[in-house]
Amino acid sequence: MNTLRAKYADEIEAILAKYPPEHKRSAVMPLLYLAQREEGYVTAQAMAEIAEILEISITDVASVVGFYSLYYDQPHGRYHIQVCTDLPCALRGAEDFLKALCQALGIGVGQVTPDGLFTVEEVKCIGACHRAPVFQVQGDGEIVFHENQTLETALAVIEALRQKAHQEKEGTA
Amino acid sequence: MSEYLILRHRAIPGLERLPVYLEHQGFAAFKKAVTELQPAQIIQMVKDSGLRGRGGAGFPTGLKWSFLPNDLWPHYVVANADESEPGTFKDREIMESNPFQFLEGLMIASYAVQARVAYIYIRGEYWHIAKWLDQKIAELEQAGLLGENLFGTDYSLRLYTHLGAGAYICGEETALLESLEGKIGQPRLRPPFPATAGLYNRPTVVNNVETLANVPLIVLHGPAWYHNYGTDKSPGTKVFSLSGCVNRPGNYELPFGVTFRELIFEHGGGVPEGRTLKAVMTAGASSVLIPMDESVLDTPMDYESLNKFGGSLGSASVIVLDDSVNMAWLTYKTVNFFKHESCGKCTPCREGTYWMNRLAERIARGQGEAREVELLYQVARQMQGKCLCALGEFSTLAVVSSIDRFRADYEAVVTKEPVYG
Amino acid sequence: MGKMVTLTIDDQVVSVPQGTLIVDAAKKAGIDIPVFCYHPKMEPVGMCRMCLVEVGRPVIDRATGQPVLEADGSPKIQFGPKLETACTTPVSEGMVVRTQTQVVAEACQGIIEFLLTSHPLDCPICDKGGECPLQNLTMAYGPGESRFRYEDKMHLAKHLPLGELIYLDRERCILCGRCVRFQSTVADDPVIAFSQRGRALQIVTFSEPGFDSYFSGNTTDICPVGALTTADFRFGARPWEMTPSASICPHCPVGCNITFNVRREAAAGGREVIKRVMPRQNEWVNEIWICDKGRFGYHYTESPERLRQPLVRKDGTLQPASWDEALRAAAEGLRTHQRLVSLAGGRLSNEDLFNLYRLTEARQGRAVLYSTMGGGDYVQRYGLSGEANLAALGKGDAILVVATDLHEEAPLWWLRVKQAAERGATLVVANARPTKLERYAAHVMRYTYQDALLKVQTLLTGNAPEAQALASAANLVIFYGSEGLSLEASEALAAMLARLLVQNGQVERPLSGLVAVWPHANTQGAWEIGFRPDPRLAETLSAADVVWVAAADPAGDDVALARALEKAGFVIVQDLFLTETARRADVVFPVQAFTEREGTWTTGERRVQRFYPALPELEGTRADFAIVAQVAEHLGLALEGRSALRVFQAIAQALPAFAGLSYTRLAEVVEQWPIVGRSDLYYGGTAYENTQGLGVRLARVSAEAEAIAFPDVAPAEVHTPEALYLVPFVRLYDQGQTLRPSRLLHRRVAQAVLYLAPQTAAQLGVQNGEHVQISADGWSETLSVQVVANVPAGAGLVPRSSGVALRQPQWVRAQRAVLEPQAGS
Ligand SMILES: Cc1cc2nc3c(=O)[nH]c(=O)nc-3n(C[C@H](O)[C@H](O)[C@H](O)COP(=O)(O)O)c2cc1C
Ligand code: SF4
Ligand code: FES
């Protein structure tokens with residue numbers, strides 16, 4: 001059974017409606033975002049389901065997942081803390097900011113916090129160079145910018161997310 | 001700058017809301033176009049205005065529109081909102097704060113080439129903007145400004161956003177089209193150009209967000225009016241994204257021809273206290289380094305004047321570098337960016353950026369020898385003129401110009417003793 | 001041909017058709033511009049950047065439109081600031097191309113150096129070593145010493161199975177994309193793709209099984225380096241140790257030209273063995289491709305189960321005998337028994353068939369073709385003619401494909417029909433179920449198996465759009481098969497289709513004709529020589545006094561035929577293996593495999609092609625035609641048995657269609673494009689040039705304005721609800737005699753499974769994986785069920801040659817079966 005199709009029938013219809021029916025392959029990127037909302041990464045099963053919906057090969061879907069940096073095919077922390085350290089941000093202290101943030105969280109770049117909630121990543125320019133240091137949080141199907149950051153504000157953002165996750169956990173327990 | 005053409009929201013609060021935008025002659029141009037003008041007339045107006053593409057190449061917009069053949073249908077228009085060049089954040093402000101002007105421009109462009117569907121390809125990191133634009137599009141549909149039989153004519157139009165997913169190369173128009181078709185974003189061979197074989201192999205216009213945002217005003221006020229701004233060959237204004245070692249980074253909308261001095265000192269507030277201006281990059285990471293001194297500071301910024309430095313205005317993403325910056329380090333930052341973003345399709349870029357990155361990293365870390373600087377230079381030269389798309393060429397610009405123009409910075413970091421060999 | 005364009009390449013003046021790319025123009029002039037990503041059988045992509053050259057164009061005066069002249073009167077040539085890729089740039093009038101300048105050499109050197117930064121340079125252990133363009137170019141241009149630090153190299157997977165047939169070495173891969181493009185644009189199986197990006201770019205597959213495509217092996221031929229290799233050949237041998245030998249693929253009626261690579265091997269006791277199969281270029285037949293059955297399915301010829309000694313029945317059991325003894329026994333059997341029936345399979349060569357036919361004729365016997373499909377006589381009269389090449393079909397032409405799944409039955413025809421449709425030919429596909437070819441069809445005609453003829457008849461009488469599309473086509477090629485049809489029905493179908501060609505006035509058009517999708521490589525040859533199938537084969541066999549069976553296993557295929565054979569008086573069998581039929585014989589002759597002898601086969605397109613011995617004969621075996629001649633000699637009948645060549649001479653004298661043919665003519669070659677042979681490594685695909693022949697198409701057997709009659713089409717029979725129309729259908733990888741011994745294809749071989757439509761399964765009360773017992777008079781079988789959407793309701797499909805004794809479609813009773821649990825479990 002195609003669980004994606006079953007669960008998101010309307011949303012999938014709306015996505016497919018954007019593209020000519022004979023070119024529904026175009027919908028692969030939005031569908032991957034949809035699938036990623038579930039587990040934080042695109043599972044092999046989801047790739048197969050997307051392939052089925054779009055009538056393309058699983059290999060073609062996997063190829064797209066591999067090419068773009070905002071898709072993941074492995075589980076990570078629920079939230080990707082993506083700090084821009086590209087040239088313009090680096091000129092305004094982003095590299096030091098990243099170092100301090102990692103230190104405060106006690107993990108290295110690419111690692112996951114022990115509670116499994118956060119992965120810190122270094123990313124290329126995200127279009128907020130005039131408000132460095134900046135990071136974006138990718139997770140829960142969203143990407144949210146946090147600009148003009150200091151270590152303190154960043155930790156506050158992270159703490160708020162942690163609270164949210166804990167509350168959800170208690171809510172479901 | 002007293003007058004805004006593009007960043008009008010800075011003068012008109014609430015312009016991002018439809019009623020406010022409508023109050024300020026919003027969609028008058030689109031209505032005029034659809035109800036009074038022939039597509040060819042609009043194309044002629046845009047040609048006459050001298051509007052040039054703001055995405056980097058500066059190609060005349062009206063001319064581009066006129067290339068679409070009329071015996072192959074449907075036509076498509078795609079707005080390039082992939083904005084991923086390091087140091088570029090102007091399209092973002094336009095879409096966030098003056099979204100309707102951009103959308104109206106896109107709609108006029110669509111009418112001008114008789115496209116009935118247009119896509120907005122937005123970089124994945126601008127997730128919130130895509131959602132925002134989806135709302136705006138829905139409002140337009142509700143207001144009867146988008147959809148079927150507009151203004152009682154037989155012209156119909158739909159707009160759709162399409163989110164990228166983290167790939168700078170998808171800003172390159174043919175890679176963008178591949179991506180929009182659901183494939184990996186590797187550039188296509190050109191020719192054929194998108195104008196003849198674009199999206200789904202159909203004639204397609206690809207224009208930058210800022211380019212499109214100019215269009216409503218041109219249609220409303222006429223091409224002659226547009227020439228009141230900017231220079232003869234580069235009419236109009238440009239949104240400069242100013243970043244780096246400067247006191248007031250941000251977007252500045254200024255007429256073409258503004259000098260470096262005005263932009264950096266008058267508007268940007270100059271370099272931080274106690275430091276001196278060393279160099280400028282004008283097209284984000286895809287720039288040659290232009291060493292700065294008094295004589296250079298008065299160069300006008302437009303599509304022609306920077307040629308004498310071997311540079312170009314590109315997207316006008318001005319990164320200011322002061323004397324605290326070592327250019328070997330800077331080169332490593334740029335090369336590392338291109339290595340990360342090379343799509344891998346063509347040999348020289350795929351292998352060259354990887355190789356340059358290894359060399360530049362060693363040099364920047366103080367592990368490189370003098371001859372590795374030579375090698376870095378040669379690898380960059382060996383790539384030049386051979387890559388499939390411009391990304392590969394871009395990746396060499398900072399390398400070659402920094403070694404040519406700032407060799408002392410390299411000498412300061414290379415080891416005196418070889419570490420291997 | 002379009003307009004010609006004249007240009008200068010390295011001071012050589014060349015004229016080529018407009019639209020030709022610079023690389024191809026140069027190649028035609030004998031100038032090699034190195035390429036990696038470009039392959040002339042695919043659209044250019046210009047990604048490897050190996051083919052950069054200097055390109056100059058005449059300067060045109062804008063005002064006059066005339067070329068600007070130099071002082072000496074020659075046209076002024078303007079060279080661009082950048083080098084251009086010769087693989088993507090079409091020629092233009094007056095163009096000047098320079099491939100030998102310093103700038104070009106440096107560019108070439110630069111690209112090679114870039115490629116080598118991540119290449120392992122493991123040529124000494126690489127399968128491609130010796131036929132690798134990268135190796136050659138490195139020798140020619142490469143920098144003597146690497147400027148790239150070795151420890152900076154990417155280290156990647158070296159023996160990565162992309163499925164069990166094809167292996168990828170990621171370090172050797174130069175990411176030219178030839179394989180990916182072949183799979184997506186030529187084979188239309190996009191099961192491999194690029195993933196990641198930049199230097200991390202890599203080829204991946206996610207299909208199940210991995211690299212799931214009947215054409216996968218071709219990627220190893222066109223891979224310009226040793227990155228893709230077949231499981232069959234990997235580490236098998238070095239190219240220079242092997243000798244090439246021309247042959248023909250024995251598996252289907254397409255007749256793909258192949259090359260066997262042979263080497264003497266210590267592991268085989270110093271014998272010569274086949275190391276690999278590659279396509280051999282024949283632009284009229286298979287171009288430069290073959291399917292994986294042809295590539296991997298030759299192992300049966302080297303099976304240890306091959307017969308090596310004649311057997312003669314003594315005291316009720318088959319016992320080894322000398323050749324002399326066996327020949328005498330067979331002759332004696334023939335002499336002492338009257339009514340002879342010879343039953344020949346479609347794998348025999350023309351020479352074998354001719355001798356057997358001659359002998360049968362001399363004994364007033366009956367020459368029966370072992371086949372359940374008819375219509376070969378229509379193909380003889382209305383088949384393709386002259387130089388007709390499927391590659392020439394395009395806009396304005398039409399192709400009709402009926403009752404066959406070309407992708408499974410004749411993959412190369414599938415490929416060529418698909419390509420014709422892509423060039424603009426109108427494709428009409430008629431079958432009871434969807435097949436892969438339908439993706440390219442302009443019209444699909446769906447019928448129930450029982451109504452096939454009625455449906456096809458509408459093409460003759462109706463005004464349906466598909467009928468009109470076919471009628472208005474300039475040329476019409478018709479492929480027909482026998483899926484779901486009885487022998488009589490397929491005969492009637494062929495007659496109808498022949499009538500369609502006549503009625504539409506297309507018969508005499510140069511590119512029109514009827515092609516039968518036979519089950520075997522030489523079924524058409526058997527028709528040409530005079531063998532005819534028999535709708536009442538069981539009766540015929542049981543009434544025979546003496547039966548001579550060659551290359552057929554009726555007893556193994558069908559219980560009724562096994563019983564019939566037991567009733568026959570005396571049975572002579574020629575075969576490679578001790579088949580069920582051979583077990584029931586009185587004399588068994590061990591024969592040579594096609595790899596060990598010469599001969600010719602006639603393809604479904606009626607092209608006669610030669611195969612040559614690749615290996616010495618297996619000791620103790622003889623060629624079929626020789627065995628027949630030797631038996632005949634004992635009967636005082638002179639048949640040519642000394643060589644296949646001489647038998648072929650006799651055929652050419654006896655049969656008008658073969659008039660004028662000879663082994664020499666069949667071995668003739670003409671220059672072919674693209675050039676892919678050994679000296680032209682850059683394009684690649686076959687490793688060797690075809691110097692051994694392209695074959696010749698038979699002349700049509702005259703069809704003097706005859707009225708084509710076909711039997712009235714009977715309305716579908718009505719059956720009880722529990723009746724199921726059981727249809728054998730073809731899967732490329734079956735468990736027939738020629739494939740069973742291939743361990744390589746083991747995972748992909750069709751299993752004896754009953755495919756049912758969901759409604760049919762529901763009616764029978766079975767689900768996926770459960771069992772159904774099917775039975776017809778005197779025969780019953782229990783099969784596991786697979787429910788799939790694309791099977792017609794009321795029908796049950798069983799793969800042919802999968803172990804179920806079902807030769808023809810038939811009505812059976814079906815009911816759910818519950819298997820007894822195995823004792824102890
Ligand atoms: C590597 C590369 C990245 C590019 N990125 C962008 C981009 O982010 N946004 C953009 O508008 N144009 C970008 N371009 C330019 C586009 O290819 C194209 O020229 C432009 O969208 C045309 O629009 P315009 O004529 O309105 O400028 C890029 C080009 C290259 C080679
Ligand atoms: S230059 Fe770089 S980005 Fe452009 S095609 Fe080549 S590998 Fe891809
Ligand atoms: S770029 Fe021309 S052969 Fe690869």
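Entry one, a phenylalanine. I looked up Phe59(B) and got 35% relative accessibility, so Phe59(B) counts as partly exposed. The term covers what falls between buried (under 20% relative accessible area) and exposed (over 50%), with a 1.4 Å probe and protein chains only. Phe67(B), at 42%, counts as partly exposed too.

Before going on I noted the ground rules. The model is predicted, and local features need pLDDT of at least 70, side-chain atom pairs count only at pLDDT 80 or more, and totals for chains, interfaces and linings use all residues. Residues are numbered from 1 along each chain as its sequence is written, chains are lettered from A and ligands numbered from 1 in the order in which they are written, and side-chain values use heavy atoms, with hydrogens and water left out.

Entry two, aromatic pairs. I searched the whole structure and found 45 aromatic pairs over all chains. Rings of Phe, Tyr and Trp (its six-membered ring) pair if their centres lie within 6.5 Å; planes under 30 degrees apart are stacked, over 60 edge-to-face, and the rest tilted. Phe59(B) and Phe67(B) have ring centres 6.2 Å apart and planes at 50 degrees, so I list the pair as tilted. Trp601(C) and Phe611(C) are also a tilted pair, with 4.3 Å between centres and 40 degrees between planes. Trp601(C) lies in strand β28 (residues 599-602) of chain C and Phe611(C) in strand β29 (residues 607-611) of chain C, so the pair ties together parts 10 residues apart in sequence. Strands here are DSSP runs (E, at least two residues) and helices likewise (H or I, at least four), numbered from the N terminus. Both Trp601(C) and Phe611(C) are buried. I also noted one aromatic cluster, formed by Tyr19(A), Tyr76(B), Tyr119(B), Tyr160(B) and Tyr200(B).

The charged end of Lys28(C) sits over the ring of Trp673(C), 4.4 Å from its centre. For Arg276(C) the ring is that of Phe233(C), with 4.7 Å to the centre.

How values were computed
A charge sits over a ring if NZ of Lys or CZ of Arg is within 6 Å of the ring centre and within 35 degrees of the ring normal.
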